[in-house]
Amino acid sequence: MEFSIDQSLALLARTPATLDALLRNLPDEWTHANEGPSTWSAFDVVGHLIHGEQTDWLPRTRLILEHGESRPFDPFDRDAQFRLSTGKSLPQLLDDFARLRAENLAALRALDLQPEQIALRGRHTALGTVTLSELLATWPVHDMTHLHQIARILAHQYRNSVGPWKKYLGVLHCSGRSAWKRKAHELSGALQRTKHQETTK
Ligand code: NI
């Protein structure tokens with residue numbers, strides 16, 4: 001399927017209700033459990049998605065439209081949710097996410113981006129040159145990555161309870177987490193190298 005703004009909007013609009021249906025009023029034993037040390041809970045993931053709405057997708061879109069490659073994106077803080085979600089309940093986070101997503105999709109529609117605009121380029125500190133269409137295609141795929149992650153986190157809680165069925169349950173054998181960790185490690189290495197290059201220039 002080719003990228004289009006309309007196809008992206010169709011999927012992006014569904015994520016808040018999907019998360020709401022799955023997580024609201026689910027006992028904390030599910031929503032606050034993670035996959036082990038230094039991993040996230042479903043609660044943490046929703047906080048991360050909120051931070052993306054606040055600092056990533058629309059702000060970076062505007063940065064590309066206004067500055068192109070001349071000004072690199074601000075680095076995304078992957079741990080911001082641990083600070084920003086403190087003291088909040090999951091229902092509050094789900095409400096915040098739904099509101100911010102609706103506002104951002106309305107803002108994206110209002111931009112009425114034309115083909116020559118979505119071909120514009122920006123600069124990601126670690127990935128280098130990216131196009132606006134790549135950024136806007138990444139947004140819904142990022143949602144799917146985290147829905148996938150939440151399904152895996154929830155399944156993980158019963159990894160021992162399922163007994164011998166474990167071998168038939170693909171979600172318990174998913175390598176997504178380790179692949180992501182490897183990638184994050186490479187990206188943070190690239191980021192540090194870039195920072196180093198910038199400071200030594
Ligand atoms: Ni993410």
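Guide: Helices (H or I, at least four residues) and strands (E, at least two) are DSSP runs, numbered from the N terminus. This is a predicted model, in which local features need pLDDT of at least 70 and side-chain atom pairs count only at pLDDT 80 or more, while totals for chains, interfaces and linings use all residues. Residues are numbered from 1 along each chain as its sequence is written.

Visitor: Where does asparagine 25 lie, by that numbering?

Guide: Asparagine 25 is in the loop between α2 and α3 (28-31). Its phi is positive, about 65°, although it is not a glycine.

Visitor: Why is asparagine 25 called exposed?

Guide: A residue is exposed if 12 or fewer other C-beta atoms, placed from the backbone, lie within 10 Å of its own, buried if 20 or more do, and partly exposed in between. Asparagine 25 has 8, so it is exposed.

Visitor: What makes serine 38 exposed?

Guide: Serine 38 has 7 other C-beta atoms within 10 Å, so it counts as exposed. Serine 38 sits in the loop between α3 and α4, and its phi is also positive, about 65°.

Visitor: How do you know that β1 and β2 pair?

Guide: Two strands pair if DSSP finds at least two bridges between them. Strand β1 (residues 121-124) and strand β2 (residues 128-131) have 4 bridges, in the antiparallel sense. Therefore they meet the criterion of at least two. Arginine 121 has threonine 131 of β2 as its bridge partner. The two strands form a hairpin with 3 residues between them.
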